2 protein chains.
Amino acid sequence: MSSRITIEDVAALARVSIKTVSRVLNDEPNVQISTRQRVTEAINRLNFRPSRVARSLAARRTFILGLMYDNPCAHYVAKLQAGALRACASEGYDLLVLPRSYLNTDTASEIASLYRQSRFDGVILSPPLSDVTALVQGLRQERVPLTLISPGGALVESSSVHTNDQEAARLMTEYLISMGHRDIAFVAGHPDHVAVCTRTAGFLEAMQAAGLSVPDDFVYAGLNSFESGEQAGAALLAKPERPTAIFAANDEMAAGVCVAARHRGLDIPRDLSVCGFDDIPIAIQVWPALTSVTQPIQDMAEKAAELLIRQIKEPDSAVEHVEIRSELMVRESTYRAPEADA
Amino acid sequence: MSSRITIEDVAALARVSIKTVSRVLNDEPNVQISTRQRVTEAINRLNFRPSRVARSLAARRTFILGLMYDNPCAHYVAKLQAGALRACASEGYDLLVLPRSYLNTDTASEIASLYRQSRFDGVILSPPLSDVTALVQGLRQERVPLTLISPGGALVESSSVHTNDQEAARLMTEYLISMGHRDIAFVAGHPDHVAVCTRTAGFLEAMQAAGLSVPDDFVYAGLNSFESGEQAGAALLAKPERPTAIFAANDEMAAGVCVAARHRGLDIPRDLSVCGFDDIPIAIQVWPALTSVTQPIQDMAEKAAELLIRQIKEPDSAVEHVEIRSELMVRESTYRAPEADA
DNA sequence: CTGAAAGCGCTAACAA
DNA sequence: TTGTTAGCGCTTTCAG
C-alpha cells in the first residue's frame, strides 16, 4: 500500500509549500486561483492520492463510520448498509460493519475500545441494539459519538431516526376492519425489539376504537421468525372460533402464517386474510403477495448516518429526532371477510 | 477520538523506552518476562489503547480488508460478509464494505485509488465482480492484493475460492432422473454470472450421460431473479409437452417457477417437481420447501479473507485455489415423476 | 495569501 | 535484551 508520491512531491512540482497543497486538497479558502490551478495540475500530473491514514493521524479523524446491527433478516441489514453507505459516499466517509449480538454484555466496552483505537469516528446503532440501555449508556459514557435507529425508549440523549410503527399498525388494523373483519388475531413481535412491540399497541388501539374485543389468546407472542409465525398460525387457526384475519408484526411471521394456513387447507385470502409488516422481498415472493407496511429502512439509515456525521463535525450541535413515515401496501393476501360477503 | 494517553505515557510509567512498549504491543520476542509484565501492567493501569491510525501510518498497513459485491440477493451478501468477518476477527482486521456495480467501467481505478489512499490492504471480489476481466486485470495492474470468490474463468493469476457448481448441478439432475423424470427443463442463470452458468453444463452433462434429449426450448434463459423464474415457469408450463420437472439455476428463480405452477393450478410436487440452487432462506420459507443445493458461501468468504490476509503478510506467497464443496439438499418440492407412478 | 516548523502516535533500523 | 533516532504523510499553529 501507501502512495509512493506524497504531498511534498506535489508541492515541489507546483513550486509551493506543502501547506498550500494541503489547502487545495481540503478545499480551504485563501488560495489564489492561479496557485490552486497550478497545484491541481501537479496533483493530476503525478496522479497523487493523499494518504487517508496520514490525514487521519494529523486531523484526528478517521472518516470512517461504524454500523452496528444484530438482525436475522438479511434484507433488513442490506437496506441498513445501503442507506448508511449513501450518506457516507456523499460525505467522503467509509463504512465499517460491526455485527454484534445484542445479548453480549461486553459490547459497549469492546466498541468503545475500537473507538479509542481510532478505528472509526462514531457508530450507528440499529434495533435491537438501539434498545439495549447498557450499550447505549456505556457508549455515551465513553463519549463515543452515536445515533440510534428506531429506539423504542424515550428520545432524549442521543440523536435518532424512527418511524411511525404504532400509527401504521393502527392504520393496517383499521383497513382490515373496513374490509369487514371483526375477528382479527395479532402475532406480536419479539419482546426485545421494542419498536416491533409498539405495533401491538397500534393494533389494540384500532380494535378498541372500533369497539371490537380482542380475546387474550388472539394476541400470540411471536419471535419475529418465520418458524414462530408458522406456530402462531397453527395455534390461531386451530381454535374453534378462528379469526378471519391475522395481522403479523413482521413479514417473516406473516409468511409463516400463510404456510400454516395452507397446511390446514385454507385459501388466502378467501378463507383468511393475512398481512405483515416491513415489506421485505419475501412479501412479494410468496403466493399470494402479502399486504404489508413498507418501512423506509434505507432512508432511515441514511438519515442516521447524516446525523452522525454532523455530530462528528460539530460536537456541540443539538440532538435531533427525525421521523420518516411508513406506508400501507395493500396486495393480494387480504380481502373482504367471509361473513361480510354473506 | 484519539486516545489521550500514548505509548509514551506507558513507557514512562513502566520505566522503559517506547520501543519496548511497542514490542509488547506487537508480541515481539526479545523482551524479558519481568519487563513484559511491567509494561502490561502499565497498559492496564492506564487503560491504554494504541492508535490504529498511527500504527497504520508507521507500519504501512491499515489492517482493513475491502469486500466488493454486486448481488441482488441480500442473503448472499450477508453470508459473504459474515464469512469474511470471521476471518478478519481472528486476524485483527476490520472489514470495509464496497458494493459496486459490475457494469461500471471505472470501478477498477476507483478501487485502486482507495487502495493508494491506504483505505484498506486488499480486496475480496465476489461474483459477478470476480468475472469482470477488466476489473480483475485493472486491480492486478495497480498491484492491489486481491482474492476472488467463484471466478468463472481460468484459475491462474489471483488466489481464489470456488465450489463444485457443475458437479452439483450434474448430481441434482441425476437425482431427478433417478426419480423417473425424463422431461426435465432447466432455467439457466444470468449470462454475466459465469459460475451460475456452469450449472447449465452440469445439467446437460447428466442428461446426455443418461441418453436423454433436451429440446432447445427446454433450456430457458433466466436472469437469476424471481421474476425471470416466474416467466420461465409460465413459458415452460405452457408447452403442449410440458416437463415433469424444472431445475432452476438458483432458488429465487425456482420460487418464481413455483408461483407460475400454482397459477396454472399445478400441484408441487405431485404434478411438477421443482428444484433450485443456493439454498437461501426462501427455499424453506415457500411451500413446499425447495429441494436445492447448499452453497458454502460463508466458508468460501472466510477462506478468501484468509488467503488475502496471508497474501498481504507474505506478498511472495504462492497463488492458491481452494475448492469448498456444495451438497444436495432434498426437500418437499421434488418427487417421483407422474409417469413413473403409472 | 503563503510558508516554516512542530507535531499526530506509532514502527523500523540500527546501536548499544 | 533494550534504547535511540528517524521517519510514515499529513494538518495545525503561527509568522510573515
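Q: Is strand 1 of chain B, residues 64-69, enclosed or open, and how do I read that?
A: Count the neighbours: a residue is called buried if 20 or more other C-beta atoms lie within 10 Å of its own. In this predicted model, six of the six residues of strand 1 of chain B are buried, so the strand is largely enclosed by the rest of the structure.

Q: Which residues of strand 1 of chain B point which way?
A: Sort them by side. I64(B), G66(B) and M68(B) point one way, while L65(B), L67(B) and Y69(B) point the other way, and all are buried.

Q: Which strands does strand 1 of chain B pair with, and in what sense?
A: Go by the bridges. Strand 2 (residues 94-99) of chain B pairs with strand 1 in the parallel sense over six bridges; there, V97(B) is the bridge partner of L67(B). Strand 3 (residues 122-125) of chain B also pairs with strand 1 in the parallel sense, over four bridges, and G122(B) is the partner of L65(B).

Q: What unit do strand 1, helix 5 and strand 2 of chain B make?
A: Follow the path from strand to helix to strand. With helix 5 spanning residues 74-91, they make a right-handed β-α-β unit.

Q: Over in chain A, which residues of helix 2 (residues 18-25) are buried?
A: T20(A), V21(A) and V24(A) are. Looking down the axis of helix 2 of chain A, the buried residues fall within an arc of 100°, so they line one face of the helix. Their cover includes helix 1 (7-14) and helix 3 (33-46) of chain A.

Q: What follows helix 2 of chain A?
A: Check the backbone there: D27(A) follows the helix, and its phi is positive, near 55°.

Definitions and conventions
Residues numbered from 1 in each chain as written. Chains lettered and ligands numbered in written order. Predicted model: local features only at pLDDT ≥ 70, side-chain atom pairs only at ≥ 80, totals over all residues. Buried ≥ 20, exposed ≤ 12 C-beta atoms within 10 Å, placed from the backbone. Helix = DSSP H or I, 4+ residues; strand = E, 2+ residues; numbered from the N terminus. Pairing = 2+ DSSP bridges. Right-handed = clockwise from strand over helix to strand, strands pointing away. Arc of directions from axis to C-beta. Contact = placed C-beta atoms within 7 Å.
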